[in-house]
Amino acid sequence: MTFSPATSPQPDALQPDALKPDALQAILQSALAGADLSVEQGLFLLEQRSEAAIAAIQQAADQLRQQLVGDTVTYVINRNINFTNICEQHCSFCAFRRDSGDAGAYWLDWATIRAKTAEAVSIGATEICMQGGLHPQAKIDGSSLAYYLQLIATIKQDFPDLHLHAFSPQEIEFIARQDGLSFEQVITALGDAGLGSMPGTAAEVLDDELRKILCPEKSAPPFG
Ligand code: SF4
């Protein structure tokens, strides 16, 4: 299921309870017929709380999965390359981050990233997953975006068909903030350079109050 602009039922017809079974069934039948869900329809499904409604959603989801892919299970062989653990932020649960100069701090050079990529491909990887700390000095000619574009070029130069799954929304926010760019400009530039998809990580804490305690420097959702 994918989300698309609102169609029907309209938002004001969608209330988060099981007293609207017709609306629920209409959405589920529409999805099973292959239609995309609107944002409002997706929210309506997420807001259902009754056991019957949740069971109906689960059943429809399983039926749709069966229609789309049957019982085939697929997987991807990939390698995570974390290019640096130097990070400007101080999330209290993070055992990864270091300050520059700390024992254990690292920042991979281009040759090492290429070698790790080649090694992964040699044992069957079709994808590289790449994320790193938010390193304020990771710039080329004063540009954070230019550094991240060089990361993509480094992966792609030897293996242009390798899928690159990289850079969390928090990293997008970081690049945009460092360079004074919009999120759209950053994402478009990364996509044009060969970024294939983005991980949904860095959303560890969705409760705003807990977030303020555990990782106050992180941006509010959706850039959690
Ligand atoms: S932003 Fe990421 S790497 Fe940095 S401290 Fe938080 S969890 Fe760790």
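# Packing and backbone in a predicted model

Visitor: Which residues does Met130 touch, not counting residues up to four places away in sequence?

Guide: In this predicted model, Met130 is one of the residues that touch the most other members of the largest nonpolar core. Leaving out residues up to four places away in sequence, the partners of Met130 are Ile81, Phe83, Leu151, Leu164 and Ala166.

Visitor: Which residues of the largest nonpolar core touch the most other members?

Guide: In soluble globular proteins, nonpolar side chains tend to be buried together. The largest nonpolar core here has 22 residues. Those that touch the most other members are Ile128, Met130, Ile152 and Leu164.

Visitor: Which elements give two or more residues to this core, and which gives the largest share?

Guide: Two or more residues come from each of β4, α5, β5 (163-166), α6 and α7. The largest share is four residues, and the element that supplies it is α5.

Visitor: How many residues make up the second, separate core?

Guide: This second core is separate, and its members include Leu28, Phe44, Leu45 and Ala53. Its number of residues is eight.

Visitor: What is the order of helices and strands along the sequence?

Guide: The protein has eight helices and five strands. Read along the sequence, their pattern is β-α-β-α-α-β-α-β-α-β-α-α-α.

Visitor: What share of the contacts with a separation of 6 or more joins residues 24 or more positions apart?

Guide: The protein has 224 residues, of which 22% are buried. Among contacts with a separation of 6 or more, the share from residues 24 or more positions apart is 72%.

Visitor: Against which elements do the buried residues of α6 pack?

Guide: Helix α6 covers residues 169-179, and its buried residues are Pro169, Gln170, Glu171, Ile172, Phe174, Ile175 and Gln178. Just after α6, Gly180 has a positive phi of about 65°. The buried residues of the helix pack against β4 (127-131), α5 (144-156) and α7 (183-193).

Visitor: Are α5 and α6 parallel or oblique to each other?

Guide: The contact involves Ser144, Leu145 and Tyr148 of α5 with Ile175, Gln178 and Asp179 of α6. These residues divide into three nonpolar, two polar and one charged. The two axes come within 8 Å and cross at roughly 135°. The helices are therefore oblique.

Visitor: Is Val186 buried or exposed?

Guide: Val186 lies in helix α7. Leaving aside neighbours within four places in sequence, Val186 is in contact with Leu145, Ile172, Ile175, Ala176 and Leu181. The C-alpha atoms of Val186 and Leu145 are 7.1 Å apart, although the two residues are 41 residues apart along the chain. Because Val186 has 23 C-beta neighbours inside 10 Å, and 20 or more is the cut-off, this residue counts as buried.

Visitor: Is Phe167 buried or exposed?

Guide: Phe167 lies in the loop between β5 and α6. Its phi is positive, about 70°, although Phe167 is not a glycine. Because 26 other C-beta atoms lie within 10 Å, Phe167 is buried.

Visitor: How many of the residues in the shell around the ligand are charged?

Guide: The residues around the ligand are Cys87, Gln89, His90, Cys91, Cys94, Phe96, Arg97, Gly133, Leu134, Gln170 and Cys215. One of them, Gln170, is also among the buried residues of α6. The shell has six nonpolar and four polar residues, and the number of charged residues is one.

Notes: Residues are numbered from 1 along each chain as its sequence is written. This is a predicted model: local features need pLDDT of at least 70, side-chain atom pairs count only at pLDDT 80 or more; totals for chains, interfaces and linings use all residues. A residue is near a molecule or strand if its C-beta atom, placed from the backbone, lies within 6 Å of it. Ala, Val, Leu, Ile, Met, Phe, Trp, Tyr, Cys and Pro count as nonpolar, Asp, Glu, Lys and Arg as charged, and the others, Gly among them, as polar. A residue is buried if 20 or more other C-beta atoms lie within 10 Å of its own, exposed if 12 or fewer, and partly exposed in between; C-beta atoms are placed from the backbone. Two residues are in contact if their C-beta atoms, placed from the backbone, lie within 7 Å. A nonpolar core is a set of buried Ala, Val, Leu, Ile, Met, Phe, Trp, Tyr and Cys residues joined through C-beta atoms within 7 Å. Axes are lines fitted to C-alpha atoms, for helices over the stretch in contact, and angles run from 0 to 180 degrees between N-to-C directions. Angles under 35 degrees count as roughly parallel, over 145 as roughly antiparallel, 65 to 115 as roughly perpendicular and the rest as oblique.
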